[in-house]
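Dear colleague,

I am passing on the structure below, followed by some notes on how its parts meet.

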Amino acid sequence: MHELALADAVMKAAVQAADDAGMARIDKLVVKVGELQQIEKDLFEFSLANVLAGQDPRLREATFDVSLEPVRFECNSCHHGYGRQDVSLDDGDGGEAIHFIPELSHAFARCPKCGSPDFEILAGRGITLERLEGSGPDE
Amino acid sequence: MSNSVDPRPFAIADRLAGVGRIVGVSGSKGGIGKSVVASTMALALADAGSRVGLFDLDFTSPSDHVVLGVERSFPDEQFGIDPHEAHGVQMMSIAFFAGEAAVPLRGAATTNALLELLAITRWGDLDVLILDMPPGLGDTSLDVINLLPRLEFLLVGNGSRVVIESVRRALSLLAELDVPLVGLLENIQRVADGAVASLAAEFDVAYLGPIPFDPGFEAALGDIRLLRETAVYRELARMLAPGLPATK
Ligand SMILES: Nc1ncnc2c1ncn2[C@@H]1O[C@H](COP(=O)(O)OP(=O)(O)O)[C@@H](O)[C@H]1O
Ligand SMILES: [Mg+2]
Ligand SMILES: [Zn+2]
């Protein structure tokens with residue numbers, strides 16, 4: 001399950017952010033999961049919980065707020081904007097490849113209007129740590 | 001924390017914690033033998049008993065799997081993904097995911113693919129991880145210089161004035177950025193005119209010696225038994241027999 005490695009990265013980023021903000025305790029991690037990567041929300045919450053034990057003590061009581069972010073593509077050739085439902089990504093091995101590396105959508109997806117593989121992924125690509133909630137050393 | 005954070009860079013140090021040295025095989029031009037040198041070097045080091053990784057970073061034109069004759073297969077997933085072991089070399093390539101499909105990537109997408117693979121690949125314990133770089137000093141080279149503080153470069157060049165001119169630019173940039181250099185390797189030497197060796201001396205970088213044009217190399221591509229008989233393999237094995245040279 002490669003989600004565990006990404007969950008571990010989220011934890012490490014949270015610890016760094018807590019250090020930067022001088023937080024003594026992290027109560028909540030707000031995480032966005034891009035629709036393109038096809039990581040299930042439940043599975044990612046499970047992964048976060050799973051890697052929690054080995055982390056910084058300030059994180060041990062943390063809860064997670066994981067939400068899915070829809071994909072937005074924009075074609076660099078005809079400038080058409082489109083979404084996940086407008087392309088087929090699951091032909092052959094495309095779905096699994098994109099699950100590991102979302103940029104492989106450039107190998108397997110095409111602009112529905114002009115057929116170009118040259119597009120931007122404006123939103124909904126992968127995992128982002130949106131926000132931390134916690135308390136400072138004096139609270 | 002006011003802005004959202006990309007978590008991937010925070011995992012990279014951990015994923016590479018068991019790796020001794022990280023060497024980017026680079027060169028300013030395409031087609032001068034970076035992939036051949038990176039792959040054959042990985043094989044020669046593994047044959048000599050080193051634990052070696054080979055990471056193909058030329059995402060739009062991966063080649064190492066062709067040189068070493070490795071078939072596409074999705075990596076095993078555990079806590080991240082495992083490199084694919086072939087002939088004693090731990091390999092990672094975008095070709096394992098893309099198959100034969102073309103992967104057209106702009107700069108930002110290249111950076112994203114690199115970050116993703118660095119964050120999820122478990123390299124384990126290696127003496128050296130070799131990065132096969134795309135040509136030039138563009139996005140991927142600048143990204144690895146920024147993301148991997150322990151990175152060293154090994155430059156491949158030849159005696160053509162077109163290449164010398166371009167390797168000189170690369171050497172001066174790497175000196176300016178304080179990137180340590182294993183050395184400068186001359187591949188496909190046509191004439192022994194000393195041009196590459198004097199360029200190395202000019203920048204106080206080790207000259208790693210010449211590799212001749214090897215007429216049998218094409219036929220040996222992808223066939224590990226034949227590959228070990230090529231002049232390229234022989235020269236690299238000899239060059240690396242005392243171990244991968246230390247940087248200057
Ligand atoms: N020493 C050599 N002898 C014969 N052919 C070589 C040698 N080095 C490289 N080649 C060939 O030159 C071509 C370009 O090599 P490659 O490693 O793909 O270059 P790069 O990675 O720098 O673009 C390939 O066809 C390769 O087999
Ligand atoms: Mg190459
Ligand atoms: Zn279009």
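Between chain B and chain A of this predicted model, the count is 8 residue pairs in polar contact, both residues being at pLDDT 80 or more; a polar contact is a pair of N or O atoms within 3.5 Å, where within protein one atom must be able to donate a hydrogen and the other to accept it, and residues adjacent in sequence count only if both atoms are side-chain atoms. On the side of chain B that touches chain A, helix 1 (9-15), strand 3 (77-78), strand 4 (80-81), helix 4 (95-98) and helix 5 (107-120) each supply at least two residues, and the largest share, 7 residues, comes from helix 5 of chain B. Helices (H or I, at least four residues) and strands (E, at least two) are DSSP runs, numbered from the N terminus. By class, that side of chain B has 22 nonpolar, 5 polar and 7 charged residues, with Ala, Val, Leu, Ile, Met, Phe, Trp, Tyr, Cys and Pro counted as nonpolar, Asp, Glu, Lys and Arg as charged, and the others, Gly among them, as polar.

In terms of contact (heavy atoms within 4.5 Å), 34 residues of chain B meet 38 residues of chain A. About 2,900 Å² is buried between chain B and chain A, with 67% of that area given by carbon and sulfur atoms; buried area is the accessible area (1.4 Å probe) that two parts lose on being put together, summed over both.

The count between chain B and chain A is 5 salt bridges, each defined as a side-chain nitrogen of Lys or Arg within 4 Å of a carboxyl oxygen of Asp or Glu. One salt bridge joins Asp14(B) and Lys12(A), whose closest N and O atoms are 3.3 Å apart, and this pair runs from helix 1 of chain B to helix 1 (residues 3-21) of chain A. Another is formed by the side chains of Glu116(B) and Arg125(A), at 3.0 Å from N to O.

Arg125(A) also has a partner within its own chain, in a salt bridge with Glu103(A) (2.6 Å, N to O). Chain A is divided into domain 1 (2-70 + 124-135) and domain 2 (72-123), with bounds that come from an automatic or database domain assignment, and across the interface of these two domains the rule finds 1 salt bridge. The C-alpha centres of the two domains of chain A lie 26 Å apart, and their contact takes 11 residues from domain 1 and 14 residues from domain 2. Together the domains bury about 1,100 Å² between them, 55% of it on carbon and sulfur atoms; in domain 1 of chain A, Leu36(A), Gln38(A) and Arg125(A) lose the most area to domain 2, together 53% of what that side buries.

As for confidence, the predictor gives the complex an ipTM of 0.95 and a pTM of 0.97, while chain B has a mean pLDDT of 95, with 99% of its residues at 70 or more; pLDDT is the predictor's confidence in each residue, from 0 to 100.

Residues are numbered from 1 along each chain as its sequence is written, and chains are lettered from A and ligands numbered from 1 in the order in which they are written. Local features need pLDDT of at least 70 and side-chain atom pairs count only at pLDDT 80 or more, whereas totals for chains, interfaces and linings use all residues, and side-chain values use heavy atoms, with hydrogens and water left out.

With best wishes
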